[in-house]
Amino acid sequence: MPHDGDHDHGRKPELSPIALRVRALESLLVEKGYVDPAALDVLIDTYETRIGPRNGARVVAKAWTDPGFADWLVRDATAAIASLGYAGRQGEHMVAVFNSPETHNMIVCTLCSCYPWPVLGLPPVWYKSMPYRSRAVIEPRVVLREFGVEIPDGRQVRVWDSTAELRYLVIPERPAGTGGWDEERLAELVTRDSMIGTGLARMPA
Ligand code: FE
């Protein structure tokens, strides 16, 4: 299973069957005048570049430095996240799940590809893949190991299944050796995968 969906491992340059269907649908919708291709491009660009995992990283860094904000995330993640300006489609009902020495959290959408767009942007290819969606629930520890994450036996792994109603954000543990760091510097340690639960926050160099 590819773990970095942004590059192709020797895949042929032809479009995948899904991409072909999407292209066919898009052409049809444009032809019938239902969608404006320029508007579609703006929407995709917005989620690919402007909105993205940097937003989630800011949420995590604030949770690490501000206990009041962390509490708010526990009680009402949607409102706490919206207070930083991150709201909108695919993020209407957010739940923040906190990693701890007892529990590691991991997110999947077994049905399709539900993902919290306002804080993480568009989902990586592997997140939408059938192997990830099925194996994440069946053998989460094996999947995590393939991502290079070894969870100690004494630590429980909780897998959360996203739905159209609820989208999850993992708050990874704050790395040791970052005492006194400000939010901006801490946010640099927060990777996209650490907020899906298939990674951990980076250790300080
Ligand atoms: Fe889904």
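Mentor: Start with the largest nonpolar core, which has 48 residues. A nonpolar core here is a set of buried Ala, Val, Leu, Ile, Met, Phe, Trp, Tyr and Cys residues joined through side-chain atoms within 4.5 Å. Buried means under 20% relative accessible area, exposed over 50%, and partly exposed in between (1.4 Å probe, protein chains only). Val 59, Leu 73, Ile 81, Tyr 132 and Leu 169 have the most contacts inside this core. In soluble globular proteins, nonpolar side chains tend to be buried together.

Take Leu 169. Leaving out residues up to four places away in sequence, Leu 169 touches Val 59, Ile 81, Met 94, Val 95, Ala 96, Val 97, Val 119, Leu 120 and Met 195. Contact means heavy atoms within 4.5 Å.

A word on the source. This is a predicted model, in which local features need pLDDT of at least 70 and side-chain atom pairs count only at pLDDT 80 or more, while totals for chains, interfaces and linings use all residues. Residues are numbered from 1 along each chain as its sequence is written, and side-chain values use heavy atoms, with hydrogens and water left out.

Now the charged pairs. The structure holds 6 salt bridges. Each is a side-chain nitrogen of Lys or Arg within 4 Å of a carboxyl oxygen of Asp or Glu. One of them joins Glu 173 and Arg 155, at 2.9 Å from N to O. Another joins Asp 66 and Lys 62, with the closest N and O atoms 3.5 Å apart. Asp 66 is partly exposed, at 26% relative accessible area.

Last, the domains. Domain 1 covers 2-50 and domain 2 covers 53-196. These bounds come from an automatic or database domain assignment. The C-alpha centres of domain 1 and domain 2 lie 25 Å apart.
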